[in-house]
Amino acid sequence: MDGFLDLIRDITIYFSMFYPLLYIKSFVSNNKAFKFFTIYLVTIAIIQFSLVFIVKTQLGSNIFLSHFYFMLQFVLLSLFYAELLKFKWIIGVMGFVLIGVTCQFIDDPSLFYRYNPTGFMVTQLLIVIYALLYFYKALSKKSAFLIVNIGILFYLLSSALIFASGNLIFDVKIPEYVSAKLGDINIVLYLAFQCLIFVEWWKNYSVLKIK
Amino acid sequence: MVEELFGTENQIVNIIFIAITILLVMSISIVLFFYFSRNRIKKTQLEKANLVISHQKEIFRSTIITQEEERKRIAQDLHDAISSKLNIVSLNANFLAKEDITSTEANKFGNSILKVTTTILESSRKIAHELLPPTLQKFGLEAAIEELYEELYDTQKYKIKYSVSYSEKFLSADHELHLFRIVQELMSNSIKYAEATTLTFLLETKKNSLYLQYNDDGKGIDLNTIQKIKGLGMIGIENRVAILNGKLNIDTSPNNGITVTIELDR
């Protein structure tokens, strides 16, 4: 079982570096939303790579990367949805949340070396709300990025709690296998999300459309 | 491991696992809900579109039928009023061309030719006039409708009351023609089929709306049969009102005449 999960873990890591290339291939000929999404994928790939790099070289804790992961994910997906939904207020909410998180770090700089459950929950759930709004918008007309939207909704909603409970690893009472289990669940969900991103590219962007 | 999970220390962990499962189920059900609603909405949209298409087809079909009938009528008119009479002219001219005719005969044929050509001219003017009344183009809708009623009044067979206050350029030129055709059609129905004696007509435009009321005291007709009788040109009227984006209301029953109102907004 562990060997299988390790395999999935490796797959997600390499996969996350592979499909941004597919999206970059179609970068120029597509709209702004597509560009934001591609930048998001590239950013996540870089963070994944740094994560693996830090683990492999044993440079120390890689928890600080989680803050980059969440904030960059929030910013880029907010821009992505602001573009898809054509709602200006999403940018406003984004600014507001960014200010809030900055205040959190000023208030308690040691937060940098722990997980930030409040920040995770707020940013993930906001994106989930945008995804739901997008579903509503897509009900009656043909819309782009539906498969990715399904992935974002399902992954961000179900993984919100996993990340929010990340600080459990600091709790001595909780055995280590528990956080490992949470990590495993996350890996499986993440692979499903990646597959959906790949399917989106495969179905809608793999063949250059003649306009 | 199960026992461990249910131990008091791991109660929180347990709850977290359950919560994650619930969130997962929730997100999947949202996606499914979205998927099925979308399908249903798509289906209703398709049905609506089909309905619109079939309606348009019906309009198209009846437009072609009316067009064909119109052509038939024109062909008949041309044949009766022009071709047959031109035959007479040609025959008379033939006689004139002979060398051995006396001047009295020549005069006779000449007069006959003159008489016939005059009627031909009158007929061709009438046909052209019916096809597209020059008044409409030159003096506008109000004058054209007034002319229509004056012509009818001149026959002295009908009592006519009409009031037209149409602000010029309320409708575009082709829409004016549609409205004119509607009035023409209604009048010809009243004369041809309804045996009406009194006709009243009201047309007025306000700032953004137009109101037309047409009324006769003829035989009237059962509303259920009105659709079936293509000759009445009712379908034509309906189509034209549809093109004008107006609201058509027909109120009639046997022996009670007919009242037609058309309302449209700019």
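Leaving aside its neighbours within four places in sequence, which residues is Tyr19(A) in contact with? Select Tyr19(A) and look around: you'll find Leu41(A), Tyr190(A), Gln194(A) and Ile197(A), where contact means heavy atoms within 4.5 Å.

Before moving on, a quick note: this is a predicted model, so local features need pLDDT of at least 70, side-chain atom pairs count only at pLDDT 80 or more, and totals for chains, interfaces and linings use all residues. Residues are numbered from 1 along each chain as its sequence is written, chains are lettered from A in the order in which they are written, and side-chain values use heavy atoms, with hydrogens and water left out.

Tyr19(A) counts as buried because its relative accessibility is 2%, and buried means under 20% relative accessible area with a 1.4 Å probe, protein chains only.

Next, show chains A and B together. Their contact takes 26 residues from chain A and 20 residues from chain B. Between them they bury about 2,100 Å², 81% of it on carbon and sulfur atoms; that is the accessible area (1.4 Å probe) lost on being put together, summed over both. To see chain A's side, select helix 5 (117-138), helix 6 (146-164) and helix 7 (176-205), the elements that each give two or more residues to it. Helix 6 of chain A gives the largest share, 8 residues.

How values were computed:
Buried area is the accessible area (1.4 Å probe) that two parts lose on being put together, summed over both. Helices (H or I, at least four residues) and strands (E, at least two) are DSSP runs, numbered from the N terminus. Buried means under 20% relative accessible area, exposed over 50%, partly exposed in between (1.4 Å probe, protein chains only).
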